[in-house]
Amino acid sequence: MPSSPTTRRQEWRTFLLITVVIIPLLSVMIVAGYGFSVWFLQMLFGPPGHG
């Protein structure tokens, strides 16, 4: 089953989708997940102290 060749227009759409939507969305989700995990662990074990 031969696949249809991609055009430059489709490549640009894919590139813009990845760079404008997917990567920023993933970045926000990763930072938010890390912040939530730090906040949750501080609720369980308390804030970090010295010593």
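Phe40 counts as partly exposed, because its relative accessibility is 38%; partly exposed is the range between buried (under 20% relative accessible area) and exposed (over 50%), found with a 1.4 Å probe on protein chains only. This is a predicted model, in which local features need pLDDT of at least 70 and side-chain atom pairs count only at pLDDT 80 or more, while totals for chains, interfaces and linings use all residues. Residues are numbered from 1 along each chain as its sequence is written, and side-chain values use heavy atoms, with hydrogens and water left out.

Let us turn to the helix that holds Phe40. Phe40 and Phe36 both lie in helix H1, four residues apart, or about one turn of the helix. Helices here are DSSP runs of H or I with at least four residues, strands are runs of E with at least two, and both are numbered from the N terminus. H1 covers residues 8-45, and its 38 residues should span 56 Å at 1.5 Å a residue; the end C-alpha atoms are 53 Å apart, which agrees. That expected span is 1.5 Å times one less than the number of residues.

H1 bends by about 35° at Ile18, where the bend is the angle between axes fitted to the seven residues ending there and the seven starting there. After H1 comes Gly46, with a positive phi near 85°.

An unreviewed UniProt entry lists residues 12-41 as "transmembrane region". UniProt positions follow the numbering used here, feature names are shortened, and annotations may be inferred rather than shown by experiment. In the model, residues 12-41 are 100% helix and 0% strand, with end C-alpha atoms 42 Å apart.

How many aromatic pairs does a search of the whole structure find? The search finds three. Rings of Phe, Tyr and Trp (its six-membered ring) pair if their centres lie within 6.5 Å; planes under 30 degrees apart count as stacked, over 60 as edge-to-face and the rest as tilted. Here are two of these pairs:

| Pair | Centre distance | Plane angle | Type |
|---|---|---|---|
| Phe36 and Trp39 | 5.6 Å | 45° | tilted |
| Phe36 and Phe40 | 6.1 Å | 20° | stacked |

Phe36 and Trp39 are separated by about one helical turn, because they sit three residues apart in H1. Ring pairs link Phe36, Trp39 and Phe40 into a cluster.

Trp39 is partly exposed, with a relative accessible area of 48%. Ile22, also partly exposed, has a value of 35% and belongs to H1. Ile22 and Trp39 are 17 residues apart along the chain, and their C-alpha atoms are separated by 26 Å.
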